[in-house]
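Hi,

Here is the model I promised to pass along.

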Amino acid sequence: MDVQLQELIDKIKKDGVASAQQEALAIKEAASKEAESIIAQAKEQAQGIIKDAKAETERMEKAGCDAIKQASRNLLLSFRDGISAQVRALVETQTNAALDKDLLAKLIPETVKAWVAKSESTELAVLLPENNLKELESAVAASLKEEMSKGLEIRPDKTLSAGFRIGLKDGSSYYDYSAEAVAELFAAYLNPKISGIMKEAAKE
């Protein structure tokens, strides 16, 4: 009886150990798989973080470069506009000085006669600056005596600081030789030149 009991005890021990070993092996395998899964997830997350960080770095770098480029463009445009404004002011000042009484005394009659010859219209008006109307009128009247006898009028224009305008009396057509208009023509020619010079300078 004791032998059978011992055999039963040995069998229970043996089965228990085997069962415990199998369970331990299963736990180990499960733990190993769990560890592999955790490591895989950690690697994936790390790669995602690295990828996001790289993308953010590139975005910030691009944004920084774009901001520098825009600031550079703004600076160049501001500088160009400043130079253009100074050139325009200089041109206008010089144009005002150039359109003196002697020049206008020659230019106005020639312009009027060229208009009359081309259009055969005598319904013309010459507009002069109000501040020196009498002086200019007396300077050109002798040369335009014939045209004035046919209806040419000489009128003051408060908007003129220098130069003159000539056109039909009804205002439907006219040529503008005011200081502002002449300066505008010169400035329009000079501005592209200034832009071109600045573009070349920017390249260098």
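Below are my notes on the salt bridges.

Bear in mind that this is a predicted model, so local features need pLDDT of at least 70, side-chain atom pairs count only at pLDDT 80 or more, and totals for chains, interfaces and linings use all residues. Residues are numbered from 1 along each chain as its sequence is written, and side-chain values use heavy atoms, with hydrogens and water left out.

I called a salt bridge wherever a side-chain nitrogen of Lys or Arg sits within 4 Å of a carboxyl oxygen of Asp or Glu. That rule gives 6 salt bridges.

One of them joins K169 to E153, with 3.4 Å between the closest N and O atoms. K169 is in the loop between β3 (163–168) and β4 (174–178), while E153 is in strand β2 (residues 153–157), so the pair ties together parts 16 residues apart in sequence. (Strands are DSSP runs of E, at least two residues, numbered from the N terminus.) Both ends are partly exposed, meaning between the cut-offs for buried (under 20% relative accessible area) and exposed (over 50%), using a 1.4 Å probe and protein chains only: K169 has 23% and E153 has 30%. These two also belong to a salt-bridge network with R155.

R165 and D157 pair up as well, at 2.9 Å from N to O. Here R165 and D157 are both buried.

Then there is K150 with E146, whose closest N and O atoms are 3.3 Å apart. K150 is partly exposed, at 48% relative accessible area.

Cheers

Methods:
Helices (H or I, at least four residues) and strands (E, at least two) are DSSP runs, numbered from the N terminus.
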